[in-house]
Every structure is written in structure tokens, then in C-alpha cells.
2 protein chains.
Amino acid sequence: MNHPSPAPELLQSSPRRELPHAMLEALRARFGERCSTALAVRQQHGRDESPFDVDPPDCVVYAQSNEEVAAVLTLAQQHGVPVIPYGAGSSLEGHLLAVQGGVSLDLSGMKQILRVNAEDLTVTVQAGVTRNQLNTEIRHQGLFFPIDPGADASIGGMAATRASGTNAVRYGTMRENVLGLTVVTASGEIIRTGSRARKSSAGYDLTRLFVGSEGTLGVITEVTLKLFPLPEAVSAAISFFPSIDAAVQATIQIIQMGVPIARCELLDANAIRAVNLHDRLGLREAPMLLMEFHGSQAGVAEQAQLVQEIARDLGGEDFEWATTPEARSRLWTARHHAYLSALQTRPGCRCVTTDTCVPISRLAESINESVREVEEAGLPYFIVGHVGDGNFHLGYLIDPAVPAERETAERLSAQMVQRALRLEGTCTGEHGIGLHKQGFLVDEAGEGAVALMRQLKLALDPRNIMNPGKIFAL
Amino acid sequence: MNHPSPAPELLQSSPRRELPHAMLEALRARFGERCSTALAVRQQHGRDESPFDVDPPDCVVYAQSNEEVAAVLTLAQQHGVPVIPYGAGSSLEGHLLAVQGGVSLDLSGMKQILRVNAEDLTVTVQAGVTRNQLNTEIRHQGLFFPIDPGADASIGGMAATRASGTNAVRYGTMRENVLGLTVVTASGEIIRTGSRARKSSAGYDLTRLFVGSEGTLGVITEVTLKLFPLPEAVSAAISFFPSIDAAVQATIQIIQMGVPIARCELLDANAIRAVNLHDRLGLREAPMLLMEFHGSQAGVAEQAQLVQEIARDLGGEDFEWATTPEARSRLWTARHHAYLSALQTRPGCRCVTTDTCVPISRLAESINESVREVEEAGLPYFIVGHVGDGNFHLGYLIDPAVPAERETAERLSAQMVQRALRLEGTCTGEHGIGLHKQGFLVDEAGEGAVALMRQLKLALDPRNIMNPGKIFAL
């Protein structure tokens with residue numbers, strides 16, 4: 001594993017705790033072979049897609065029901081042992097590293113789609129169901145679940161990180177699309193939040209307290225989601241621009257005109273170069289917007305016409321349409337491969353990824369300055385972005401053997417975050433805080449708000465067993 | 001004041017606390033004439049639009065800034081005195097009653113629209129700004145704020161009760177439309193939550209913890225909201241149906257077809273009779289849907305055609321259009337007067353109002369059974385509803401001098417809530433819990449979830465000074 005280590009200050013407040021023999025024996029008695037201490041299994045569970053060194057848990061338990069999760073948490077509470085919920089392993093900020101040791105609670109076996117209510121556009125799934133699995137199983141009913149963070153993440157993990165992705169500009173994020181949850185609390189109690197009603201004013205919004213809590217308040221085991229009818233018409237288009245700024249200005253106008261665009265993604269020339277190499281796409285290596293329109297035939301045509309006019313005014317060229325599912329799939333596969341493709345342009349490199357999100361009118365300043373800084377610094381990079389939301393990712397491709405590159409990337413990343421905060425945005429649009437952005441969270445929310453978050457954490461998890469050391473140190 | 005009293009069990013756990021002389025003196029020293037102990041002022045602040053007896057606070061303070069709110073809370077914390085935030089006084093579940101005495105903190109003077117960012121479709125307002133004030137002041141910029149609970153409520157109060165209303169079926173509720181808050185915590189600290197970015201994964205969702213907290217966790221003093229461009233085309237229509245069931249079936253089909261209808265309101269024959277008397281409208285006294293469509297000219301025409309076909313299939317007649325602002329305003333005024341008009345049909349009566357919300361496929365069962373029960377019981381009633389959301393209000397018009405009528409209304413209301421919960425809905429779509437629905441909250445969320453809410457409350461407000469006795473007793 002060729003990850004640079006987390007900054008030492010993150011580890012100082014995180015001594016590893018012991019897994020008592022009695023607890024391990026109790027887990028083995030209950031879970032048998034579904035409780036593993038094999039090194040390979042522990043190492044696989046002690047990392048995610050972040051550029052951190054692996055930090056393995058002491059054991060891995062594969063749970064299959066709410067009651068099994070509750071049993072693990074009851075034991076963990078009794079013994080003061082950390083528990084780290086694990087879904088698909090696709091998080092990006094060190095969420096899964098066992099910085100204080102403990103149990104990785106693997107929910108990937110909880111893969112049942114419990115109930116589709118097509119007539120209400122809702123579904124209830126177990127946490128380990130992935131978004132592709134869900135969409136495959138509901139497509140024949142004319143339904144889809146739009147949240148698409150790229151990776152085939154688990155729905156539980158997407159809820160825990162408040163994920164969003166390419167369709168959020170039209171359909172919202174997990175914040176807007178989770179109706180209710182089943183949660184096992186730190187004390188091992190199974191509770192339900194929300195209902196299948198579209199709205200409610202019944203007490204505190206526990207659903208949205210757990211959405212985005214990164215496993216630090218309890219274990220999400222079931223999720224009730226909103227679904228959407230498959231649109232009557234879907235059309236995707238790409239357009240190339242003379243500069244990133246021109247592509248961003250086009251995006252700003254599309255959003256400000258109120259066009260209900262379903263997806264509006266930016267790829268810079270570096271990202272295109274990478275996907276061309278990886279997928280032999282032969283795309284022009286210039287800043288590109290990849291857009292998708294959903295609606296009635298007439299509605300899609302209306303949106304497309306407006307967007308073409310905007311793009312043309314800003315020098316957008318080669319407006320190419322993809323109306324068949326196959327042609328669309330080719331473009332979106334390229335988009336989803338951008339990260340991996342970019343990594344392959346510099347063999348042996350690691351990627352430090354940013355995730356700022358700003359109000360749409362500030363997006364040009366946010367991107368343009370970041371590009372200027374990375375060009376000056378001379379680090380290889382690429383940009384992909386959910387620019388319709390004001391959210392983009394700049395990936396710095398660093399050589400892990402050269403500490404100066406890591407330092408440069410971290411400095412540029414910090415400058416970008418400070419700028420996003422000045423522009424009234426956020427340090428993370430969709431990846432979460434994890435280990436890596438804890439300092440940024442304080443800069444963004446303020447000491448007072450973070451202190452309040454700590455109070456909430458301590459109220460619900462006084463022994464700090466739930467994914468300790470993530471979001472903030474206690 | 002002719003309100004029936006709250007049920008005695010609500011008051012048992014709520015002894016009044018003393019307002020120490022030292023605190024009153026400190027408030028007078030700081031606020032001068034903006035601190036009042038006049039009986040009339042206290043009585044005006046000790047009630048809302050619920051059918052409860054007035055329960056006046058010990059004094060009323062008119063705050064004009066975050067710092068003034070913080071000063072009041074710092075004193076209240078020191079002396080253990082309750083503080084009840086007060087906006088426009090239009091809440092419906094006893095939220096404003098000073099059941100434990102203390103200070104009513106009137107924010108109606110905080111009426112500044114702090115910043116409109118038209119280019120980002122956001123606005124930041126002080127909590128005392130009302131929705132009509134906001135819409136009047138942003139209209140010339142081609143913008144509007146859609147959440148419309150009927151009353152000209154304050155934005156702070158709407159956030160605190162997670163309000164919704166007629167446009168929620170298209171635009172969402174306060175849950176979806178608040179981007180960030182300034183909150184003064186129980187300890188008197190001023191914190192900010194959220195940002196102007198459209199999405200964020202930065203830590204716990206404090207914004208949505210305070211939205212819907214009914215003043216029990218802190219005082220909301222500023223709110224950053226999403227705005228929307230005024231639609232290019234707006235069209236309203238009414239249609240009359242042979243039965244409530246037919247009107248509800250039409251609604252269910254409209255929603256299930258995915259029509260992006262902006263408003264879809266039901267008025268039953270009793271409600272129409274009342275508004276005819278009050279506003280001389282001459283409407284046919286039959287179940288009516290009042291609908292509004294927003295979009296491009298072509299989009300509105302498309303929606304309207306689809307809805308007319310659905311309505312016609314269900315016996316909907318007299319599809320009448322109102323395309324001018326004046327004609328629309330006449331219909332919506334009638335809708336907004338329905339509550340007041342209904343009260344006037346039975347002089348001296350009070351109204352016990354329900355607020356269940358169910359998944360759309362269950363709406364017919366929810367309404368039809370409730371109508372059957374109230375007809376059998378023989379109480380005068382009326383129905384208005386945001387039926388596109390699965391939410392409706394049945395108002396029982398009771399004679400406050402006849403305890404049996406109150407008991408019958410409460411029994412029918414409880415039956416309706418139990419049915420809504422069986423149908424996987426909620427006891428309150430938009431009014432909140434307040435004093436009146438605390439038992440229902442436990443039925444809905446379960447003891448475990450309510451216990452978790454109490455833990456959150458105690459963590460943020462250990463002396464229980466923030467609107468004590470609301471949502472749950474401690």
C-alpha cells in the first residue's frame with residue numbers, strides 16, 4: 001500500500017484501544033466464521049479510497065440483520081470498543097481507518113431490497129444495497145434512484161456521508177432523498193426515524209441528524225428513499241469550450257436561467273486526455289461540459305435549445321448529442337472513469353482530491369484561481385466537477401515518494417478551501433470530513449458550532465465507540 | 001378568551017418557574033420600554049392560533065439584534081428562566097403558551113432583509129421578516145419564496161415549525177429550503193450553521209436539527225433561504241368532483257404520473273360553503289380541487305392538459321381557469337380564508353384541527369375513513385388539504401361550552417392519527433407537536449426515538465430554559 005500517512009496530529013489524539021479477549025470470544029461465539037481476524041481481511045477493511053495508509057481494525061464482523069448489529073454494539077458499549085460501520089469501502093476521507101482499533105462492522109451482506117412502493121415512489125433497502133443493485137432491480141417498474149456519486153457505493157454509506165454526485169443539480173442529495181432510517185444506536189437500541197410521508201413536523205429531524213454523521217452517532221441499517229419515474233425522454237450532450245472559464249460561465253447561466261438540467265459536469269483538458277487514453281474515446285482535449293436533460297419530449301427539446309444558445313454565446317462548439325442509452329452510457333462511463341484514468345497518467349502516483357462547493361455565482365473565481373495556483377506550482381492535476389451545484393474536484397497527482405509534492409498539494413488544497421469559505425461555500429460538497437478535513441470544518445463552521453456537534457456526539461455516544469476520531473477528535 | 005384548556009396531564013409536568021427580580025431588573029436596564037410586564041402584552045404573547053387557554057409569560061422582551069437575543073439567553077441561563085421565542089403568533093399547537101412562565105422573546109422587530117443574492121437565488125433575512133414582506137420585497141427582482149403556510153408567518157417561526165403549505169408539493173418545505181441559520185444557543189452563544197452553497201457534507205446537519213425544533217434548542221435569529229425565479233407562466237384552475245373520494249383519486253393520479261404541479265389543494269363542500277358566505281364567491285358547493293401550474297408556456301399547457309384528462313375521467317367538471325394575477329388571487333384568498341370562514345359558520349365555536357400526512361397511495365383511505373367517522377359523530381366540520389403531499393386538515397367545529405364536543409373531537413382526531421400511522425404517515429405534516437400532539441409523537445416515533453430527542457435537548461439545553469414543555473416533557 002503506497003499511501004502517504006495521515007498528518008501526525010490526527011493520530012496524537014487517537015490512541016488505539018484494546019479489543020478485550022472476552023469480547024472477541026463473544027463475537028466468535030455469535031458470528032462464527034463471520035467474525036474474522038485474518039490480516040488480509042483486516043487490512044482490506046482498514047482503508048478506503050483516500051490517500052492514507054491502511055489502519056486495520058482488530059477484527060471484522062459481517063452482520064446480516066438489525067439484531068446482529070445491535071448485538072455487536074451492545075458488546076462494544078460494554079467493553080468500550082470502537083465500531084466502524086463498513087459498506088462498499090468507497091469513501092474518500094479516511095472514514096474507514098481504524099485509528100483507535102476496534103471492530104469493522106461490515107454491512108455488505110445486508111443486501112435486501114425490503115419493499116418497493118411504486119405507487120408512492122418510495123423504497124426501503126438494507127444498508128448494504130448498492131446504488132447499481134437498486135437501480136437494476138427497480139428499472140422494470142419504470143423507476144430510478146438518481147443519486148450517483150460515481151462509485152457503486154452502498155446506500156447506507158451514501159446516507160452516512162450525505163453523498164450526492166452527478167444528478168444532484170436536479171434531484172438533490174441524500175439530504176433531500178432519504179425519508180427515513182433504521183438506526184442502531186451506540187447503546188444497541190434499534191430505532192426508526194421518519195416515515196413514508198413526504199413531509200413531517202413531528203419532533204427533531206433525527207433522519208437528517210444521522211444522514212452525514214459518518215458513522216459517529218450510530219449504525220444506519222435500513223434506508224427509506226424517494227424514487228423517481230424514469231423520464232419519458234433523456235438526452236445527453238457534450239460541448240467543448242475555449243477555456244475552463246467559458247465552460248463555467250455557461251454553467252452559471254444555465255443555472256441562473258432556471259433550466260432544470262439533470263446533470264451538468266465539467267471535465268478539463270487533463271481529465272479528457274486521461275479518459276481518451278483509458279477508454280480510447282477520441283474526444284477533443286479541451287474543457288468540456290457533459291450534460292443530461294430529463295423530461296417530456298417537448299420539455300427536453302426546450303431545455304436543450306436554451307442550453308445550446310447559452311453555450312454558443314460563450315464559444316461552446318461541437319454540441320454533440322447522445323440520445324440512445326448506449327451512446328449515453330459511453331459518455332457517463334468516461335466520466336466515471338476520469339479518476340482512475342487520471343491516476344494512470346502518472347504511474348505510481350496518488351491523488352489528493354479536493355471537494356469545495358460554492359454559490360454558483362462564485363464558481364468561476366473558485367475554479368479559475370485554483371487552476372492558476374496549481375499551474376504555478378507545476379503539479380500534475382485534473383478537474384472534474386458537478387459544476388451545476390458549484391461543486392468541483394481538483395485532483396493533485398503526487399509522487400508519494402516525494403514529500404514536497406504532498407506538502408504542495410496540501411498547501412494548494414488549503415488555499416482552495418479558504419477561498420471557498422470566503423466565497424460563502426463549504427470545504428466539502430459531498431465527500432465528508434473524515435480524518436482529512438477536520439481543521440477545515442472548524443474554519444468553516446466555527447468553534448462554537450463544532451463544540452455543539454461534540455455535545456451531540458457525547459449525548460448519543462458517551463463512550464465514544466462509534467467511528468471515533470472522525471469528523472472531530474473528542 | 002374562549003379556548004378550552006389543555007389536557008390536565010400536560011400541565012402536571014410543567015410547574016411555573018419564578019422570574020427572579022434581579023433578572024427582571026437586568027432586562028429593564030438593558031431593554032427599557034422594550035421589556036414589558038403589562039398584562040395585555042403578556043396575554044397577547046401567551047397564546048397562538050390553537051384552541052388552548054392563554055398562558056401568559058411573566059414578561060415580554062422585544063429584541064432587535066443577535067446580541068440582544070444572546071443577552072436575554074445569558075441572563076435566562078444564569079437564572080434558569082424559560083424563554084419562548086415569538087414571531088408572528090400564528091402557530092397552531094400551543095407552541096407559544098408560557099406553561100412554565102418566563103420570558104416571551106418577541107423577534108417581530110427583527111425585520112431586515114439582510115442580503116438578496118439574486119444571482120445565486122438565495123436570501124438572508126432576520127427571523128421576524130414575514131413571508132409576505134419577503135415576497136413583496138423580492139418580486140421586482142423576478143424572484144419568489146414559495147413556502148406558503150397560509151398565515152403571514154415569520155420566517156423564523158416557519159423554520160422553527162418546519163412549515164410547508166400550498167406550494168410544498170412542487171418546491172418542498174422549510175426542510176428543503178433553508179440553507180443556513182444564525183442561532184443563539186441556550187448558553188447565549190451566537191453560532192452559524194450551513195452556508196450559501198447548495199449542498200455540503202461538512203459535519204452534522206445542525207441546520208436541519210434546528211429547523212422543526214420549535215424553539216426548544218435555541219433561538220433562530222437569521223435564516224438563509226433558497227429563492228426561485230418567478231415562473232414564466234402561471235395558471236390556476238378549479239375543478240369540482242362528485243365526491244371527496246373522486247377528488248382524492250384525481251390527486252393521487254396527478255402525483256403518480258409525475259406532473260410537476262405547483263399547488264394541489266382540496267376544499268370539501270363545507271369549506272366551500274363557508275368561503276362562499278365569507279367572500280361571496282358563488283362557487284359550487286361540491287368537493288373542489290384548486291390547482292396551480294408553474295413553468296414555461298409550453299410546460300404549463302402540457303401539465304394542464306394531462307390534469308384535465310385525469311380529472312375528466314374521475315367525473316371532474318367545470319374546469320375553470322384563472323390566468324390573470326387578479327383571478328388567481330381571488331381563488332387563493334378564498335383558500336386562505338377557509339379556516340376563518342369556517343369558524344364563522346358556527347358563532348362562538350372553536351376549531352380542533354388535525355394535520356396528518358400519509359403516503360399518496362393511502363390518502364383516499366385516510367380521508368374517506370375520517371369523513372365517515374365525523375359524519376357518524378355528527379360534529380360540524382370542514383376539510384382543506386395540501387392533498388398533493390398527502391396532507392390534509394379536518395377542522396372539528398366545537399362548542400367550547402360543551403365538553404362532550406371537545407371529547408368527541410379529540411377522540412376522532414386520535415383515531416385519525418392512529419390510522420395515519422398505520423398507513424405509514426405522520427401525525428403532523430406541518431404544524432408541529434407543541435403541547436397538543438406529544439402523545440402522538442411517542443406513538444409515531446417510538447419511545448426509543450423520543451428518548452434520543454430528549455438526550456439531544458438535554459445536551460444543548462441542560463437547564464431546560466428553551467421553550468420548556470413543548471414537543472415532550474422532560
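## Strand pairing in chain A

Two strands count as paired if DSSP finds at least two bridges between them. In this predicted model, strand β6 of chain A, residues 122-126, is joined to strand β10 of chain A, residues 218-226, by five bridges. The two strands run antiparallel. Within this pair, A:Val123 has A:Leu225 of β10(A) standing opposite.

Both strands belong to an open sheet of five strands in chain A, arranged in the order β5-β6-β10-β8-β9 with antiparallel pairing. From one strand to the next, the twist averages 15 degrees.

## A helix across the sheet

## A hairpin in chain B

In chain B, strand β8 (residues 178-185) pairs with strand β9 (residues 190-194) over five bridges, in the antiparallel sense. B:Gly180 has B:Gly194 in β9(B) as its bridge partner.

The two strands, β8(B) and β9(B), form a hairpin, with four residues between them. In the turn, B:Gly188 has a positive phi of about 90 degrees.

## Domains of chain A

Four domains are assigned in chain A: domain 1 spans 8-108, domain 2 spans 113-229, domain 3 spans 231-343 and domain 4 spans 346-434. Taken over C-alpha atoms, the centres of domain 1 and domain 3 of chain A are separated by 41 Å.

## Two helices in contact

Helix α15 (residues 403-422) and helix α16 (residues 438-445) of chain A have axes that come within 10 Å and cross at roughly 20 degrees. Because angles under 35 degrees count as roughly parallel, α15(A) is described as roughly parallel to α16(A). The crossing of α15(A) and α16(A) is right-handed.

On the side of α15(A), the residues that meet α16(A) are A:Ser413, A:Ala414, A:Val417, A:Gln418 and A:Leu421. Their counterparts in α16(A) are A:Phe440, A:Asp443 and A:Glu444. Sorted by class, the contact of α15(A) with α16(A) comprises four nonpolar, two polar and two charged residues.

Technical notes:
Residues numbered from 1 in each chain as written. Chains lettered and ligands numbered in written order. Predicted model: local features only at pLDDT ≥ 70, side-chain atom pairs only at ≥ 80, totals over all residues. Heavy atoms only, no water. Domains from an automatic or database assignment. Axes fitted to C-alpha atoms, helices over the stretch in contact; angles between N-to-C directions. Parallel < 35°, antiparallel > 145°, perpendicular 65-115°, else oblique. Left-handed = near helix turned anticlockwise from the far one by under 90°. Contact = heavy atoms within 4.5 Å. Nonpolar A, V, L, I, M, F, W, Y, C, P; charged D, E, K, R; others polar.
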